Amino acid sequence: MEILPLHSIQNIMSLNVFDNLTALKEEISSWKPNDSEALEIFRIRFIGTKNILKPLMGEIRNVPNERKKEFGQLLNEVKDLAETVFQSQKEIFDASNATGNSLHLDLTAPGEPVDIGSRHPVSITMNRIIKIFDRMGFVVAEEREIEDDWHNFSAMNTPADHPARDMQDTYYLRDNSNMLLRTHTSSVQARIMMSQKPPIRIIAPGRVYRNETISARSHCQFHQVEGLYIDKKVSFADLKQTLLHFSKEMYGPHTKIRLRPSYFPFTEPSAEMDVSCFICDSKGCNVCKYTGWVEIMGCGMVDPQVLINCGIDPEEYSGFAFGMGIERQAMMLYGIQDIRLLFENDVRFLRQFTSAR
Ligand code: PHE
C-alpha cells in the first residue's frame, strides 16, 4: 500500500470537504417541501442548533492555508442559501396552505361563502329600459360625460343667451369654461347625428350632472336614457306608439300614458309624458301625489334647426327624441323614498337587490 505524504492526505481531505459543501449546495437549491414535516426536517438539518454545517466549520483545520479563505466563503454561501431557501419555501408553503392548495387540503372543511354581490337598482332599471328599446331595434350609443358647450347646448338649439339654459344649472370645468359636465344625455343626439347618416335609431343611457342642492328628491348627479329616431316620414304618432309600448312593457299591460304640452329648445312640438300610477292603480297615493299620474320623461319631434345644426336635411328627414330620468323610475319600482340612498353605496341597502338582474 502506498504511503501518501502528509500534505497529500490533507489535500484529499480538503477536497472531500469542498465536494461535500458543493453537494449540500445542490441539495439545498433543488429542495422543495411537500408537507410541513419536510419543512421541519430541512430546518433541523441546515438551520437548527445542531445543523450539519456546524461540524464542517471545524474542518477548516484540514484545509490547506491557501484555500482556507475559499472554504470559509463557500461555507458562508451554503449557510446563507439554506436560510433564504428555507424562508422562501416556507412562505410559498404557508401561502398555498392559506389558499387551500396544499396537499393537506381538508376536503371535509366547509367551503368559503362566495359573496356574489348585486346589481345597483339604477343599473337594474336602466337594463330593463334598454332591453325594451333593444327589442324595438334601438341601438345603444354611449358617449362622453365631459362635453363641450356646443354639443350640450348650442347644437341643441340653446345658444349662450337662451333663457332655457337656466333650466339646467351647469357645472363648467374650471380651467376651460367651454367644457362642462353634460346636463342631459341630449348631447349624445348631437354626437350621433354628426357622425351617422339616417336612418338613426339609438338609445343613450348615462350619467348627467346638474348643480342642484342635494335632497331626498334631487341630486347633483343622476342618470338618463335618451332616445333618438330619425328617418324619412317619422311622425308624432310614431313617438306616441313607441312610448306607449315602452310604458306597457315597463309598468304592465294596463298602463296608460298621457302627453302634456311642454317646451324644450330642441324639440317642436314638445311634451312631457306621464304614466298611470302603477303603485295605486291610479287611485291616488303619495308617489303620484294623489293625481294618478307620474311624470317620467320629456319628448318631442326633433326641431328642424337641430337637424340643420347637425348636418341633416330637415326637408328629407324628420325624427323624434325623448329623455327619461332613471332614478325616479327606480325609486317607483322599488319603493325607495330617498334618492340619496342610490348614491351612498351602503351595502346594507345594496344587498337587498341581490336577486334582481
Ligand atoms: N333633455 C331633456 C331633459 O333633460 C329631456 C328631453 C330629451 C326632452 C329629448 C325632449 C327630447 O330634461
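Ala, Val, Leu, Ile, Met, Phe, Trp, Tyr, Cys and Pro count here as nonpolar, Asp, Glu, Lys and Arg as charged, and the others, Gly among them, as polar.

Good morning. This is a predicted model, in which local features need pLDDT of at least 70 and side-chain atom pairs count only at pLDDT 80 or more, while totals for chains, interfaces and linings use all residues. Residues are numbered from 1 along each chain as its sequence is written, and side-chain values use heavy atoms, with hydrogens and water left out.

My topic is pockets. On a 1 Å grid over the protein atoms alone, a pocket is an open set of points where a 1.4 Å probe fits, with protein on both sides within 12 Å along at least five of seven lines; lining residues have an atom within 4 Å of a point. Volume is the space filled by probe spheres set on the points, which are joined across faces, edges and corners.

The largest pocket has a volume of about 1,300 Å³. Among its 49 lining residues, Glu295, Ile296, Met297, Gly325 and Arg328 are the closest to the centre. By class, this lining holds 21 nonpolar, 16 polar and 12 charged residues.

Which element gives the largest share of that lining? Strand 9 does, with 8 residues. Strands (E, at least two residues) and helices (H or I, at least four) are DSSP runs, numbered from the N terminus.

The second largest pocket has a volume of about 210 Å³. Its lining includes His120, Glu145 and Arg207. Helix 5 (121–135) gives the most, with 3 residues. The classes here are 4 nonpolar, 6 polar and 2 charged.
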